[in-house]
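Please look through the sequence and the structure below before reading the report that follows them.

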Amino acid sequence: MLNVNNLGILFGGNPLFSNVSFSVGRGERVGLIGRNGSGKTTLLKVINGQFPSDEGNVSFPKDYKIGFLQQEMDIQSDNSVFDEVRTSLKEIEAILKKIEELEHKVQISANHENHEKMYGDLEKLEELHYRFDLLGGNSIEAEIERTLVGLGFAREEFYRSVHTLSGGWRMRIELAKILLAKPDLILLDEPTNHLDLDSLLWLEKFLVNYFGSVILVSHDTTFMNNVTNRTIEISNNQIYDYKLPYFDFLDFRAKQLEQQMNAYKAQQKEIEKIEKFVTRFRYKATLATRVQSRIKQLQKIERIEIDMPEGSSIELRFPSVDKSGLIVSEAINLSKSYGEKLILKNLNFKIIRGEKIAFVGRNGEGKSTLSRILAGTESFDGKLYPGTYLKIKYFSQLIYEELNPENDILQEVERVAVGKTQMQVRTILGAFLFHGDDVFKKIKVLSGGEKSRVALAKIVVQPVNFLIMDEPTNHLDVYSKAVLKDALLNYEGTLIVVSHDREFLQGLTEQVWEVRDKGLQVTLGDIDEYLLKNNNQIAASSPMPEQNFAIEDATKEPKQNLYEIRKNLNREIERCKKMISKYEADIEKYETRIAELEEQFANPDFYNDTKVYLKSQKEYDDLKSSLEKTYSVWDDENRNLEQKSNELEEL
């Protein structure tokens, strides 16, 4: 068991937290939450022995093993992927050596009839064999393969040299090493940043069934909720610790705050009543005893304090901008290759003004490549017709390279802010975790994550009608992610977003395009509908680790409380209403244009120009087909809205 005892950490002379105490036992999976800068990563480093505490201590048993996946690691190795992962299994090799030594000692003791010594060594042998089996010693090659495949490595990549891989893939190697070493405690700091959706789901199931303890920091709230059975929040220099998964914790804290507020208001009302009595009758001799009694009553009252969450809600809105043409982008037989490797093959699609589309798929399938092609920064084969009046902005995972290193943060954002005062720009920067004098830091001294947040702030202040975003949430905390999502929900332009964050995508997009096997598979609806449609396929494509160390049922569905059910139903109802409004606008547009064409067809002179007539006839046929399809999906959404509304009323 891990014990944190009266821990205190100072940062720049100010306390991050103080008098923090908690224990983490076997089978507990803790979600550690709090704003960026609240001390989550620092606490993990203190637990791992990398950072000293200013007060208190961390204790655990002598042979207690900890595995720590940090956000940023410089992994250098000339090993192959498979061999590098195998280096984490030194404990298995050490156990095998001890087993051989003890078996030899047992044989010697038996020969000399030293039964006491023999039985003692046999007990030690039994413990070593248990640990050897627990670590998968008899099937380690197969378990390495299962883990690497689960984390997204193709089998042909097992023998690639580690130094040829990107930072994201090296982080996966480090994660694989930790999982295979099976420490007593796994510390994970933003483990989903470099995972695609399939790998994320695999890791989620692995951790749910892990025999040891887990402490997890993640901005992916759905992942955190599904993995954890306990939540610790760092807020206002202290912790709030409850044995609840993340969503239940939020529900409990909201109710707790409401109860505190009601009790506080009642107490304030009572205090005000007593103070009025004291003020009114303080100098009336006949009531002096009563006044003194009330004064003593006031002094004895234990004042209720409200545990208000840190920070306040910030509302962001994109600047208004002229609409683009109806067709934002149209691809005909679009393909992309890197040398001999074909990534995308003969894609045909149209993106219509106002559509919000999520790109998902395994890493390496071409999500980012397709995003770059749409943004005009990547070459390709085939045809791509961009729409008219487009104002495109592309947020790439390397967008920070476009920043001016000599500017400070405020200067960098102010120079592109349209119609924003300095105060408004600073408020926006606050939403992206830059507070106070932070805005005067030079770009060149910022970390990669900080630069990405600056680039994100720059996008939010610019007028854009076609926005393409590749993993925009990777360096945001939960609160900033919510601010960005709210801004995108109110964004009136066309949106393409590449993301593996399910909670971020829920209700945000109306289509999901999966990039797989060089093509596209389109699902109408948001990420929940995509996952429902593809759940069996995803599960089948990601091999699970052996369950010999499971402590919970692997088939058990993540717990959903009433709060979460209502939340999902309300989200679905809002999505349905939004889609119905969009389809009705499309229907009106199609019918108006069809009526215009029918009026032209009624004029005999219209047929004199065969080329114009044939073009109009094709447009007419396409519109009739689109109208029929739109009526069909409009009807489906109305039925769905009625069903979800009834379900909500019955709760």
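At 35% relative accessibility, lysine 518 counts as partly exposed, because buried means under 20% relative accessible area, exposed means over 50%, and partly exposed lies in between, with a 1.4 Å probe and protein chains only. The model is a predicted one, in which local features need pLDDT of at least 70 and side-chain atom pairs count only at pLDDT 80 or more, while totals for chains, interfaces and linings use all residues. Residues are numbered from 1 along each chain as its sequence is written, and side-chain values use heavy atoms, with hydrogens and water left out.

Lysine 518 is found in the loop between β17 (511–516) and β18 (519–524); helices (H or I, at least four residues) and strands (E, at least two) are DSSP runs, numbered from the N terminus. On the surface, Lys518 gathers with Arg160, Lys341 and Lys345 in a patch of positive charge. Such patches are made of residues with over 30% relative accessible area and no salt bridge, and like charges are joined within 9 Å. A salt bridge here is a side-chain nitrogen of Lys or Arg within 4 Å of a carboxyl oxygen of Asp or Glu.

Strand β17 also holds arginine 516, which is buried, with a relative accessible area of 12%. Arginine 516 and glutamate 365 are 151 residues apart in sequence, yet 5.8 Å apart in space, C-alpha to C-alpha.

A search of the whole structure finds 16 aromatic pairs. Rings of Phe, Tyr and Trp (its six-membered ring) pair if their centres lie within 6.5 Å, and planes under 30 degrees apart count as stacked, over 60 as edge-to-face and the rest as tilted. Two of these pairs are set out here.

| Pair | Centre to centre | Angle between planes | Type |
|---|---|---|---|
| Phenylalanine 82 and tyrosine 159 | 5.9 Å | 25° | stacked |
| Tyrosine 246 and phenylalanine 247 | 5.7 Å | 55° | tilted |

Phenylalanine 82 is buried at 6% relative accessibility, whereas tyrosine 159 is exposed at 59%. Tyrosine 246 is buried, with a relative accessible area of 5%, and phenylalanine 247 is buried, also with 5%. Elsewhere, ring pairs link Trp202, Phe206, Tyr210 and Phe211 into a cluster.

For the chain as a whole, there are 19 helices and 18 strands, and 49% of the 651 residues count as buried.

Note on methods
Patches are made of residues with over 30% relative accessible area and no salt bridge: like charges are joined within 9 Å, nonpolar side chains (Val, Leu, Ile, Met, Phe, Trp, Tyr) within 5 Å. Accessible areas come from the Shrake-Rupley method with a 1.4 Å probe; for residues, only the protein chains shown count as cover. Lys and Arg count as positive and Asp and Glu as negative; His and the chain ends are not counted. The place of a charge is taken as NZ of Lys, CZ of Arg, CG of Asp or CD of Glu.
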